[in-house]
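Colleague: I would like a close look at one part of this model, with its surroundings described in some detail. Please give the cut-offs behind the terms as you go.

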Amino acid sequence: MNFALPPVEELIANAHVVRLPMRVKFRGVTEREALLIHGPAGWGEFSAFLEYGPAEASRWLAAGIEAAYTDFPTPLRTSIPVNATLPAVRANQIAGVLANYDAPHTIKIKVAEKGQHLDDDIARVAETRRLFPDAALRVDANTGWGIDEAVSALLKLSEFDLQYAEQPVPGIVGLARVRERLRSHGVELKIAADEAVRKHSDPLEVARLGAADLMVIKAQPLGGIQAVLDIAAQSGLDVVVSSALDTSVGLAQAAALASAVPQLPYACGLATGSLFAEDVTATPLLATAGQLPVRRVAPDEDKLRTLSVTTERRTWWEQRVRECYEQLMAPESHN
């Protein structure tokens, strides 16, 4: 970390916990909980997914503290090109879901959903290509395939002129094998690393092993803006800045990260605010014509009140903050 930690009781005293309903199921959830931190620089977000333990979730807390207690870096751009995100819905639902996005020029399509089959993925990608013939399409499997499955699926899906495939299999070695096997079939589909970066103790190993063509980077899972900028600079790979299903508060930090990356050749995954039926502000951070503005976001008091969680859930989040804070205070976290 590149900043001093405030007292944990100060964080908790200035925190609000909210639950946001979603328009469609995404990543297996229909509601998203987040703890928002108010600090001297503005608002930060801590919304590590509920199943994450303290070691992994502590990086998310570091990012939330960074946003609340330090200034965002000087932006190199005032808006960010963003992709629409299409959950693993049925083909006949695609038009309705993507209608929530304003003029999408790039679309990330979720594939390899549990309980579904490759035919479902092909139908989803095919229908998206039919509806948006000129859009850049990319697929994201969230580690849902084995190596053989991934190669078979991507050989078929690559027929729809994909920009890249994101994290088709778990791990770094698996990514490298999928990439090599696609090349042996004469398919030059680019491979993007996401979970292999943010869930790995050494996110730079992806670059060292040549396992991916580009890297998906996220502010919360990797510990905040400065930590991510350092990783991106050392990797030497092209990067795509993405969200972690953040509220508009977290999206503001992610957009600030994207605004500070020297080179941004791909549209970023920062239009996920459209997936929420409610947000913490009456003016949520949403894209216009595929561009997301770079600005700070402060939640509305009435939204904090109406979207607040039960006392039991707030207590759960307060304990989580304390457990993650202990991780951040450990000597190795400062290395």
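Which residues does Q253 touch, not counting residues up to four places away in sequence?

Modeller: This is a predicted model, in which local features need pLDDT of at least 70 and side-chain atom pairs count only at pLDDT 80 or more, while totals for chains, interfaces and linings use all residues. Residues are numbered from 1 along each chain as its sequence is written, and side-chain values use heavy atoms, with hydrogens and water left out.

With residues up to four places away in sequence set aside, Q253 touches A63, E66, A67, F72, A219, Q220, G224 and I225. Contact here means heavy atoms within 4.5 Å. Q253 is part of helix α10; helices (H or I, at least four residues) and strands (E, at least two) are DSSP runs, numbered from the N terminus. Q253 counts as buried because its relative accessibility is 1%. Buried means under 20% relative accessible area, exposed over 50%, and partly exposed in between, with a 1.4 Å probe and protein chains only.

Two packed helices are described by the angle between their axes and the distance between the axes. Helix α9 (residues 225–235) packs against helix α10 (residues 248–260) at about 35 degrees, with 10 Å between the axes. Axes are lines fitted to C-alpha atoms, for helices over the stretch in contact, and angles run from 0 to 180 degrees between N-to-C directions. On the α9 side the contact is made by I225, V228 and L229, and on the α10 side by Q253, A256, L257 and A260. Sorted by class, this contact holds six nonpolar residues, one polar residue and no charged residues. Ala, Val, Leu, Ile, Met, Phe, Trp, Tyr, Cys and Pro are counted as nonpolar, Asp, Glu, Lys and Arg as charged, and the others, Gly among them, as polar.

Next, the sheets. Seven strands make up an open parallel sheet in the order β5-β6-β7-β8-β9-β10-β11. Two strands pair if DSSP finds at least two bridges between them. The edge positions are held by β5 (84–86) and β11 (238–241), each with a single partner strand, so one side of each lacks a neighbour in the sheet. On average, neighbouring strands of this sheet are turned by 25 degrees against each other, direction ignored.

Within that sheet, strand β10 (residues 214–217) pairs with β11 in the parallel sense over four bridges. L214 is opposite D238 in β11, and I217 is opposite V241. Strand β9 (residues 190–193) is joined to β10 by two bridges and runs parallel to it; the bridge partner of A192 in β10 is L214. In a regular strand the side chains alternate between the two faces of the sheet. In β10, L214 and V216 point one way, M215 and I217 the other way, and all of them are buried.

Helix α4 (residues 118–131) lies across β5, β6 (106–110), β7 (136–140) and β8 (162–166), and runs at about 165 degrees to β6.

A further open sheet has three strands in the order β1-β2-β3, with antiparallel pairing. Its edges are β1 (15–26) and β3 (42–46), each having a single partner strand, so one side of each is left without a neighbour in the sheet. Here neighbouring strands are turned by 35 degrees against each other on average, direction ignored. Eight bridges pair β1 with strand β2 (residues 29–39) in the antiparallel sense, and P21 is opposite E31 in β2.

Some backbone and side-chain details remain. Most residues other than glycine have a negative phi, and most peptide bonds are trans. A103, in the loop between α3 (94–98) and β6, has a positive phi near 50 degrees and counts as partly exposed at 46% relative accessibility. T143, in the loop between β7 and α5 (147–157), has a positive phi of about 65 degrees and is partly exposed at 26%.

A search of the whole structure finds zero disulfides, a disulfide being a pair of cysteine sulfur atoms within 2.5 Å. C268 is buried at a relative accessible area of 0%, and C324 is buried at 1%.
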